[in-house]
Amino acid sequence: MWLLVLGITAQIIFTLRFVYQWFYSEKRKESVLPLGFWVLSWMGSMLIFLYALIRQDPVLMAGHLLGIFLYTRNIMLLKKEKKLL
């Protein structure tokens, strides 16, 4: 049961990034991807990857491994950009 809860929680967090990005863009009246989008993406992807490891599901592992690196890089770029401002 705990694994099902982990999988569902991970998917909800991963999906929330789209909702967050939509509200953020609507507020700014432009399409933007804020830091929170990348953080939610990273968190959701890490949790889904953990779920995949436990389930030994190579499809989910492959599907989220690259994303983890891409989301991490975007977070690093945004943090660097904010330091320059």
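Predicted model: local features only at pLDDT ≥ 70, side-chain atom pairs only at ≥ 80, totals over all residues.
Contact here means heavy atoms within 4.5 Å. With that cut-off, and not counting residues up to four places away in sequence, Ile75 touches Leu35, Trp38, Val39 and Trp42.

As background, nonpolar side chains tend to be buried together in soluble globular proteins.

Next, the first helix pair. Two packed helices are described by the angle between their axes and the distance between the axes. For helix 1 and helix 2, the angle is about 160 degrees and the axes lie 8 Å apart. Angles over 145 degrees count as roughly antiparallel, so helix 1 is roughly antiparallel to helix 2. The crossing of helix 1 past helix 2 is left-handed. As for composition, the contact of helix 1 with helix 2 comprises 17 nonpolar, seven polar and two charged residues.

Now one residue in detail. Where is Leu6 placed? Leu6 sits in helix 1. Is Leu6 buried or exposed? Buried means under 20% relative accessible area, and Leu6 has 15% relative accessibility, so Leu6 counts as buried. Leaving out residues up to four places away in sequence, Leu6 touches Leu47, Leu50, Tyr51 and Ile54. Leu6 and Ile48 are 42 residues apart along the chain, and their C-alpha atoms are separated by 8.0 Å.

Notes: Residues numbered from 1 in each chain as written. Heavy atoms only, no water. Axes fitted to C-alpha atoms, helices over the stretch in contact; angles between N-to-C directions. Helix = DSSP H or I, 4+ residues; strand = E, 2+ residues; numbered from the N terminus. Parallel < 35°, antiparallel > 145°, perpendicular 65-115°, else oblique. Left-handed = near helix turned anticlockwise from the far one by under 90°. Nonpolar A, V, L, I, M, F, W, Y, C, P; charged D, E, K, R; others polar. Buried < 20%, exposed > 50% of the residue type's maximum accessible area, 1.4 Å probe, protein only.
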